[in-house]
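Open your viewer and get ready to select a few residues at a time. This tour goes stop by stop and says what to look for at each one.

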Amino acid sequence: MLLLALAAAGYWQWPKLKTLLPSGNGTPQGTAKGGKGRRGAGGGTSEVVAVRATKANIKVFVTGLGAVTPIYTVTVNSRVTGQLMKVLFKEGQIVHQGDLLLEIDPRPYEVQLEQAEGQLIHDQALLKNANLDLDRYKTLMKQDAIPQQQLDTQVALVTQYEGTIRTDQSQIDSAKLNLVYCHITSPITGLVGLRLVDPGNIVQSTSANGLVVITQLDPISVIFTTAEDQLPPILQRLHAGQELMVEAWDRENKKKLAEGKLETVDNQIDPTTGTLKLRAVFANGEGTLYPSQFVNARLLVQQKQNITLLPNSGIQRNSQGTYVWLVKPDQTVTVRPITVGTTEGDVSEVAAGLEPGDAVVTVGVDRLEEGGKVNVQIPGENPTAGKRGGGKPGEGRPHKRGAEPAS
């Protein structure tokens with residue numbers, strides 16, 4: 001009975017099992033050769049996305065890691081000794097050259113000025129009296145009433161008082177200058193840092209700590225390094241009087257912060273690293289560059305004209321070199337070795353191996369094999385044109401609906 005039951009079950013399931021058994025060509029009997037295979041639908045045709053190589057210009061940059069460095073940084077010190085009375089700036093404020101920042105007690109220097117002015121009046125009176133005596137002695141000398149020595153002594157006394165007058169005047173000027181120094185102004189236009197001394201403290205003219213630091217922000221510079229083998233083309237253009245543009249990008253190289261120009265190069269190469277320092281200057285009115293900020297500097301040294309460009313997404317690499325999957329006019333693909341030149345952003349120069357207009361696969365390369373059929377889609381182009389071939393743009397495109405061919 002058991003054998004009869006198994007035989008009946010096998011009889012009813014045989015048509016289904018037969019479709020799963022391998023045929024003579026090694027494929028399931030229920031799947032035709034032209035049906036759905038491992039490539040998907042469409043008779044073994046792979047769905048891919050491609051782009052076309054274009055003819056355009058590309059910029060050649062020399063890149064280097066740099067740091068934002070102010071052109072001027074000033075530590076403001078007091079040139080007189082005294083008590084700090086007022087702080088007239090706010091920390092983090094932009095100040096302009098000549099703005100009043102701090103005030104030191106001027107009263108001691110006002111007293112010095114009065115003393116010097118009083119001494120000048122005293123010595124001027126002595127000089128006036130000495131001149132009167134000199135005039136008398138000259139008259140008496142003509143009458144032979146006094147000896148020559150007495151006249152010479154009076155002449156020397158007058159000269160002595162004249163020197164004293166000059167000394168007194170210098171004391172007055174010094175006191176006035178100290179009064180000016182009691183009012184400390186900004187020597188440059190820039191950003192004020194945190195104050196280093198609070199009001200009420202006695203500041204010394206000999207102190208090295210300073211009262212506040214001012215940093216110029218606009219313009220500002222970036223100091224970056226470049227390898228010594230990249231120096232010749234840079235110097236060649238500088239000596240020719242050309243302005244070299246420099247771009248400052250953020251640390252991740254995703255956002256351009258500012259554009260400036262190369263100002264100068266250092267006078268020697270660092271022998272330990274084989275690099276040279278360069279300074280670029282940037283307008284920084286919006287404050288996008290901040291002192292000591294790390295940036296990526298890109299120095300433009302050349303612009304190549306009318307070359308073949310290809311998006312980096314279409315370039316493949318292996319141990320043998322660089323290649324692309326080229327879409328042929330018969331909608332098959334082939335491996336094409338290429339030579340890559342300059343890379344700028346997301347595009348690269350193709351120095352050899354491609355022509356402008358060639359279609360290159362960017363999406364779906366993992367499903368391709370040499371000579372395989374593809375159904376290609378090229379963004380921005382008519383799908384029908386893509387199906388008719390992978391040649392130059394515009395080949396095989398139908399007329400627009402409603403347009404009549406030219407007679």
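In which sense do strand 6 and strand 7 pair, and over how many bridges? Strand 6 (residues 100–104) and strand 7 pair in the antiparallel sense, over three bridges. Before we move on, a word on the model: it is predicted, with local features needing pLDDT of at least 70 and side-chain atom pairs counting only at pLDDT 80 or more, while totals for chains, interfaces and linings use all residues. Residues are numbered from 1 along each chain as its sequence is written, and side-chain values use heavy atoms, leaving out hydrogens and water.

**Stop 1: the open sheet**

Select Leu102 and look across to strand 7, where its bridge partner is Ile184. Strands here are DSSP runs of E with at least two residues, and helices are runs of H or I with at least four, both numbered from the N terminus. Two strands pair if DSSP finds at least two bridges between them. Now widen the view: four strands form an open sheet in the order 7-6-4-9, with antiparallel pairing. Strand 7 (183–185) and strand 9 (202–203) stand at the edges with a single partner strand each, so one side of each has no neighbour in the sheet.

**Stop 2: Thr215**

Next, select Thr215, which lies in strand 10 (residues 212–215). Is Thr215 buried or exposed? Thr215 counts as buried, at 14% relative accessibility; buried means under 20% relative accessible area, exposed over 50%, and partly exposed in between (1.4 Å probe, protein chains only). Show its contacts (heavy atoms within 4.5 Å): leaving aside residues up to four places away in sequence, Thr215 touches Pro70, Tyr72, Thr73, Gly190, Leu191 and Pro291.

**Stop 3: salt bridges**

A salt bridge is a side-chain nitrogen of Lys or Arg within 4 Å of a carboxyl oxygen of Asp or Glu. By this rule the count comes to nine.

Start with Glu243 and Lys261, whose side chains meet in a salt bridge (3.5 Å, N to O). This pair links distant parts of the chain, 18 residues apart: Glu243 is in the loop between helix 4 (231–239) and strand 12 (245–249), and Lys261 is in strand 13 (residues 256–265). Glu243 is exposed, at 64% relative accessible area, whereas Lys261 is partly exposed, at 36%.

Then pick Glu247 and Lys256, which form a salt bridge at 3.8 Å, N to O. Glu247 is buried at 5% relative accessibility, while Lys256 is partly exposed at 36%.
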